[in-house]
Amino acid sequence: MRALIIILVFQITCFWSFAQTLDLAITKGTDLVFTFNNMRAYTTGSILGNASEITVESTVEWDLYIGTETGVPGMWDLIQSYSSAGSDNIPVGIMEVRANSPGLTSQEASFFPLQDISNPTFLIGSNANDASIGSGLGTNNSGDALSDPFTHKFRISYKLKPGLTYSPGIYTMTILFTIAEDL
């Protein structure tokens with residue numbers, strides 16, 4: 001039986017200005033493991049629902065984005081191969097993510113494929129200077145998860161469907177959640 005083991009490592013990146021608070025914390029689910037060891041798992045995939053949780057604390061308007069960091073941008077890192085059958089060049093996009101806040105403020109409401117951090121997916125905001133949004137979709141006002149849990153707390157779900165074309169082995173990637181002041 002072929003075995004594909006996927007290990008995810010998380011990293012938080014924060015950018016802040018002097019005398020201002022901008023903090024992102026992972027409060028649940030930092031190292032996740034997907035194990036595919038039967039045909040059904042390969043073909044139907046696996047979902048880890050609400051497996052991670054991140055919180056935002058900010059005294060300024062902010063942007064939140066996600067991307068991957070690997071040795072070869074856009075491809076999973078191979079740690080150990082179990083066979084020469086299949087390809088060990090696995091695109092990071094076979095992993096899909098959904099980030100929901102209780103107030104449904106994420107700009108990405110459904111699962112979306114991951115991309116390299118050089119081309120991140122914005123959950124809140126954009127590369128541009130965004131307008132201040134106090135409530136609803138794209139909320140980027142100052143606050144924290146204790147006083148504003150509907151807008152400053154995100155539950156992250158992961159969906160992975162590798163199929164049968166990839167070589168069995170152990171693969172990893174780092175998922176970067178980045179918060180930055182909206183400038």
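**Strand pairing and backbone features in a predicted model**

N50 is partly exposed, with a relative accessible area of 37% (partly exposed lies between buried, under 20% relative accessible area, and exposed, over 50%, with a 1.4 Å probe and protein chains only). N50 belongs to strand β4, residues 46-58, and its phi is near 45°, a positive value in a residue other than glycine. The model is predicted, so that local features need pLDDT of at least 70 and side-chain atom pairs count only at pLDDT 80 or more, whereas totals for chains, interfaces and linings use all residues. Residues are numbered from 1 along each chain as its sequence is written, and side-chain values use heavy atoms, with hydrogens and water left out.

A positive phi, of about 55°, is also found at L104, which is not a glycine. L104 is located in the loop between β7 and β8. This residue counts as exposed, at 61% relative accessibility.

In the chain there are 2 helices and 12 strands; helices (H or I, at least four residues) and strands (E, at least two) are DSSP runs, numbered from the N terminus. Their order along the sequence is β-β-β-α-β-β-β-β-β-β-β-α-β-β.

Strand β7 covers residues 95-100, and its side chains alternate between two faces. β7 pairs with strand β11 (residues 153-160) in the antiparallel sense over 6 bridges, pairing being assigned if DSSP finds at least two bridges between two strands. Within β11, Y158 is the bridge partner of V97. β7 also pairs in the antiparallel sense with strand β8 (residues 112-113), over 2 bridges. In β8, F112 stands opposite V97.

For the chain as a whole, buried residues make up 44% of the 183 residues. Among contacts (heavy atoms within 4.5 Å) between residues at least 6 apart in sequence, 76% join residues at least 24 apart. The accessible surface of the chain comes to about 8600 Å², and carbon and sulfur atoms account for 53% of that surface. Accessible areas come from the Shrake-Rupley method with a 1.4 Å probe, and for residues only the protein chains shown count as cover.
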